[in-house]
Amino acid sequence: MPRCPQCGGSIDFDDDFCFACGAIITPSEPPPPRHRSSRPPRRPRSHHEGHAAAGAHAGAAGYEGYPRSSDPYYNDYPDEPRVTRIERRPPSRKSTTPPPQRSEGGGGKAIAAVIVAIIVILLLLAALQMGLLPWLSEQGDDLDLPTSPFYREYPEGAEFKFDRTVVVSTLDSLRSRQSGEFSYTVKIAQPMDINDGSVFVQDTLNISTRTTPTEGTPDITTQWNNMLIWEDSITSGSDSITVNFHVQTVTKDWIGEYDLDGSISGTVDEINETWKNRYNSDEWYVDIDTDGELDPEDDIDGDGQWDYRIEPTNPDIRQLSAELTEGKTNVFDKLKAIYEYLISDEILDYETIRGGGLPKACTQTLDERKGDCDDYSILFISLARAADIPGRLSLGLLYDPDNDDWIGHGWAEVYVPIKSGGALLGTVDVVNKQFMLRDPYRVTDWIDTGTDIIYNGEYVNNLDFYYYSFTYRGPGKKVSDEYETQLYRPIGDKIRVELSEAERTGQPGGESDTEYGFLPGFEGIAVIVAITFMLGMFYYNDKVRKLK
């Protein structure tokens with residue numbers, strides 16, 4: 001009796017498929033009719049019970065005692081009726097379609113398909129980055145696009161109106177039983193006009209106060225430091241001092257605007273001597289208790305000498321600066337080498353809050369490899385001065401448009417001579433990874449003069465004078481310093497500033513891949529994909545060859 005080639009179950013010669021597994025059966029010729037024999041009559045097979053998977057036969061009532069026949073459609077007795085075949089449909093759970101056959105060589109095809117998909121995705125990402133995202137970013141500020149890892153965009157300028165309010169309160173009015181008069185001094189630096197020679201990168205439009213300062217007057221025309229000072233005393237309650245500022249700023253990209261690089265930068269010998277004399281030496285000695293005496297806590301390295309926050313003459317600073325600038329012949333390349341070293345993942349560990357007080361000395365930041373914006377700017381300036389490049393500290397405020405928040409901030413300004421004549425004073429912000437770039441979100445209210453100033457008849461370091469913005473004498477105090485924005489208005493179109501490879505990857509050295517920026521490490525990814533593709537094709541060809 002024929003068997004199913006798929007599962008081995010019994011089938012009939014004229015069956016189109018197997019009732020057990022549903023496999024399609026190739027038609028074959030039935031066997032020739034049998035001759036009569038003297039064997040006893042055999043019981044015909046009934047189809048009412050169906051075939052079992054092993055080919056077992058079910059009996060039919062009325063034929064007990066007869067041997068079973070191997071042929072369900074024929075019996076050897078002519079006077080017995082021929083068993084009628086009952087046509088049945090396949091079980092509903094079975095399909096008349098043939099079962100899926102395994103495709104030989106499918107593993108290789110799957111690998112090839114995955115590799116092709118990866119290549120397509122990479123190309124789409126590249127097209128998205130270079131085409132679609134820039135186009136979308138130009139359609140309006142209402143589009144919430146992700147920050148690009150290849151470039152940053154800034155408005156051409158910005159306009160701000162904001163209040164700065166300082167509230168001084170006596171502790172007895174808050175939670176203490178102490179009482180008595182105490183005096184205070186509050187100093188608020190006002191933004192100045194800053195002209196880089198071609199444009200006002202900062203223009204102070206208006207300054208107004210609700211209470212008249214004791215010393216200093218609002219001045220919207222000054223291009224230098226101007227401090228407003230309030231001195232008073234209270235016995236209880238609180239005093240509130242509010243100053244309103246109206247300032248307009250612009251984005252300044254010296255690299256993009258002047259094609260600034262090492263090819264047009266001058267050498268150290270071309271730097272103006274006045275700048276060298278003012279901004280190339282040690283500055284801002286460490287005097288924690290401001291008593292003018294060298295105390296043990298002031299002696300950071302323990303050599304019994306005054307230590308400075310900006311200290312280019314320190315042996316460790318000089319050695320590191322020499323190593324970083326070795327082989328660099330122009331000022332631009334020297335500054336860039338120092339900057340890329342400091343923004344590397346190994347060095348930069350930004351602390352947002354110092355907890356008050358003055359910044360750390362440059363050697364402390366270098367040893368701890370941790371600090372805030374002022375600390376890293378001081379370290380950068382110290383390394384630049386050690387390379388005979390003038391640098392100074394610039395201080396002020398930084399606006400966060402996403403959170404509508406103002407924070408105190410510090411950055412560096414460096415002198416870069418130009419071969420064809422002249423020079424520029426560029427901004428370097430280490431913690432925000434901005435080299436020779438001034439964004440429109442910063443407002444400068446103090447610039448290091450490189451010298452001491454006279455206050456109350458005494459010489460005071462100009463940076464100490466700025467940082468000690470609040471002093472008091474008395475039993476207790478509480479002071480708050482808050483900002484409130486009335487207006488923020490971006491001005492003009494967006495300016496795109498490409499990130500260098502060091503800024504993208506956190507590794508010093510190297511240039512960006514293309515004019516537009518490209519996928520980070522794309523070359524390496526392409527090589528890996530190509531090798532994987534070739535291995536997949538070899539595997540596929542080998543499978544096909546074995547099947548043949």
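**Helix H7 and its surroundings**

Analyst: In this predicted model, helix H7 is followed by Asp388, whose phi is positive, near 65 degrees. With 14 residues, H7 spans 20 Å from its first C-alpha to its last, close to the 20 Å expected at 1.5 Å a residue. At the start of H7, a side-chain oxygen of Asp372 comes to within 3.2 Å of the backbone nitrogen of Asp374.

Is H7 buried or exposed? Buried means under 20% relative accessible area. Of the 14 residues of H7, 14 are buried, so the helix is largely enclosed by the rest of the structure.

Leaving aside neighbours within four places in sequence, Phe380 is in contact with Leu335, Ile338, Tyr339, Leu342, Ala412, Val414, Val428 and Val430.

The charged pairs come next. Side chains of opposite charge can pair when their charged atoms come close. The model has 13 salt bridges. One of them joins Arg392 and Glu413, with the closest N and O atoms 2.9 Å apart. This pair links distant parts of the chain, since Arg392 lies in strand E10 (residues 391–400) and Glu413 in strand E11 (residues 405–417), 21 residues apart. Both Arg392 and Glu413 are buried.

Another salt bridge is formed by Glu159 and Arg489, whose closest N and O atoms are 2.6 Å apart. Here Glu159 belongs to strand E1 (residues 151–169) and Arg489 to strand E19 (residues 478–498), 330 residues apart. Glu159 is buried, at 10% relative accessible area, whereas Arg489 is partly exposed, at 38%.

Asp196 and Lys252 also meet in a salt bridge, at 2.9 Å from N to O. Asp196 is found in the loop between strand E3 (194–195) and strand E4 (200–209), while Lys252 is in strand E7 (residues 252–253), 56 residues apart. Asp196 counts as partly exposed, at 28% relative accessibility, and Lys252 is buried, with a relative accessible area of 2%. Salt bridges that share partners join Asp196, Lys252 and Glu257 into one network.

Technical notes. Residues are numbered from 1 along each chain as its sequence is written. This is a predicted model: local features need pLDDT of at least 70, side-chain atom pairs count only at pLDDT 80 or more; totals for chains, interfaces and linings use all residues. Side-chain values use heavy atoms; hydrogens and water are left out. Contact means heavy atoms within 4.5 Å. Helices (H or I, at least four residues) and strands (E, at least two) are DSSP runs, numbered from the N terminus. The expected span of a helix is 1.5 Å times one less than its number of residues. Buried means under 20% relative accessible area, exposed over 50%, partly exposed in between (1.4 Å probe, protein chains only). A polar contact is a pair of N or O atoms within 3.5 Å; within protein, one must be able to donate a hydrogen and the other to accept it, and residues adjacent in sequence count only if both atoms are side-chain atoms. A salt bridge is a side-chain nitrogen of Lys or Arg within 4 Å of a carboxyl oxygen of Asp or Glu.
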